[in-house]
Amino acid sequence: MRKSTRTLLAAALVVGVAAGPALTPAFAAEPPLAVSQSSQQRSPDLSAVIAGLPRADATAALVRVGGTEGSWQGSAGVRDLETSAPADPAARFRAGSVTKVFTAATVLQLAAEGRIDLDRPARAYLPDLIPGRYARVTVRQLLNHTHGIPAADLPGETVEEWYENRFVVHTPEELVRSATARPREFRPGTKQHYLNIGYTIAGLIVERVTGDSYEHQVERRILRPLGLRDTYFPGADPEIAGPYNHGYQTMRLDDGTTGLRDVSVWGTTDGWAAGDLVSTTADLERFTRVLFKGGVVRGPLLEEMFTIPKVPDLTSGDPAAYSAGLSMKRLGGREVWGKTGGRWGYNAAIASTRDGARTLVYSVNSTDAKGQQMNRTALGLMVAAYGLPD
């Protein structure tokens with residue numbers, strides 16, 4: 001990354017962890033993990049990053065670090081602001097775009113079986129949904145965000161308006177029709193623009209080639225084989241089943257003031273195969289570990305998840321950062337691959353070095369989970385686990 005980016009990250013990190021009393025993590029028996037270092041600054045201790053929660057940026061955090069370099073688990077904050085009960089370290093949470101890793105893995109499994117051709121146009125699988133203007137978009141381009149299809153139209157422009165529409169149910173077909181009715185953003189394969197729509201289409205392709213629901217295919221291929229018993233797809237149910245730590249969002253309240261509103265109950269049908277998964281840190285840690293060992297996607301197709309297209313980003317002009325399901329950053333002198341996700345009230349991430357030496361999974365109950373900047377607590381955890389950007 002550029003030096004200015006490093007400076008901004010370091011400054012944000014200092015702000016994020018400077019305040020708050022000392023905290024004993026919920027898993028105090030775990031030994032401290034040796035943190036990464038950059039050439040200029042030692043990263044903070046992981047427990048220091050989540051000390052003092054709840055804070056303005058987050059009300060709770062659940063963290064698991066693993067791999068051959070050591071392990072650490074911790075939790076901080078509160079289950080809800082009304083009772084101030086301690087955060088539940090085994091709680092379920094909305095994983096947001098981490099869902100895309102499961103979708104990409106499912107598509108790649110089907111590709112390994114010869115049921116999906118990554119170089120075949122998506123329209124060949126969904127001729128009734130994909131119009132001629134997008135006839136050249138391939139399945140691979142859906143997965144690495146180089147398809148050029150714009151986002152679907154969704155109601156609302158502010159968080160308050162989105163909150164009012166939180167129970168509106170969207171079908172994936174409706175989302176695809178909305179997006180593909182608009183002109184393409186660029187010629188497929190020439191740029192990258194990270195959007196949900198490619199994964200919505202990918203989920204529908206899974207259904208078309210299997211004759212089964214997307215959710216059941218992921219359950220049969222990934223959730224059950226890996227024993228991910230606390231991971232599920234909520235469908236049209238806006239509630240999180242089982243124990244969870246409440247999520248809050250800063251917004252305008254009914255009395256005209258600005259404050260925190262409980263946004264735990266919120267429909268996720270706009271995300272579907274791109275962002276509606278509910279999980280736990282334990283389940284996501286196991287998934288990450290097995291995925292990086294080649295136990296989910298096997299053979300040459302696993303390389304699709306570690307291959308970034310050599311095209312520029314549409315908005316920034318920087319080199320593309322996303323592969324099929326994952327993205328990559330250089331932190332602490334090495335490549336870190338993973339995926340972050342955000343739903344209102346919840347930020348989540350999975351990450352690992354390619355060799356699995358260090359994995360990180362977190363859930364942060366962010367008070368602005370879809371803000372323009374990365375949540376300060378989440379940023380602090382990433383830097384504490386791996387080090388500052390190169």
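Biologist: How do strands β1 and β10 pair?

Modeller: Strands of a sheet pair through backbone hydrogen bonds, either parallel or antiparallel. Strand β1 (residues 58-66) and strand β10 (residues 359-366) are antiparallel, over seven bridges. Strands are DSSP E runs of at least two residues, helices H or I runs of at least four, numbered from the N terminus. Pairing takes at least two DSSP bridges. Val65 stands opposite Leu360 in β10.

This is a predicted model: local features need pLDDT of at least 70, side-chain atom pairs pLDDT 80 or more, while totals for chains, interfaces and linings use all residues. Residues count from 1 along each chain as its sequence is written, and side-chain values use heavy atoms, without hydrogens or water.

Biologist: In what order do the six strands lie?

Modeller: The open sheet runs β2-β1-β10-β9-β8-β7, with antiparallel pairing. Its edge strands, β2 (72-77) and β7 (327-331), each pair on one side only.

Biologist: Is Arg221 buried or exposed?

Modeller: Buried means under 20% relative accessible area, exposed over 50%, partly exposed in between (1.4 Å probe, protein chains only). Arg221 counts as buried because its relative accessibility is 8%. Arg221 sits in helix α9 (residues 214-226).

Biologist: Which residues does Arg221 contact, leaving aside neighbours within four places in sequence?

Modeller: Contact means heavy atoms within 4.5 Å. Arg221 touches Thr106, Gln109, Leu110, Glu113 and Arg115.
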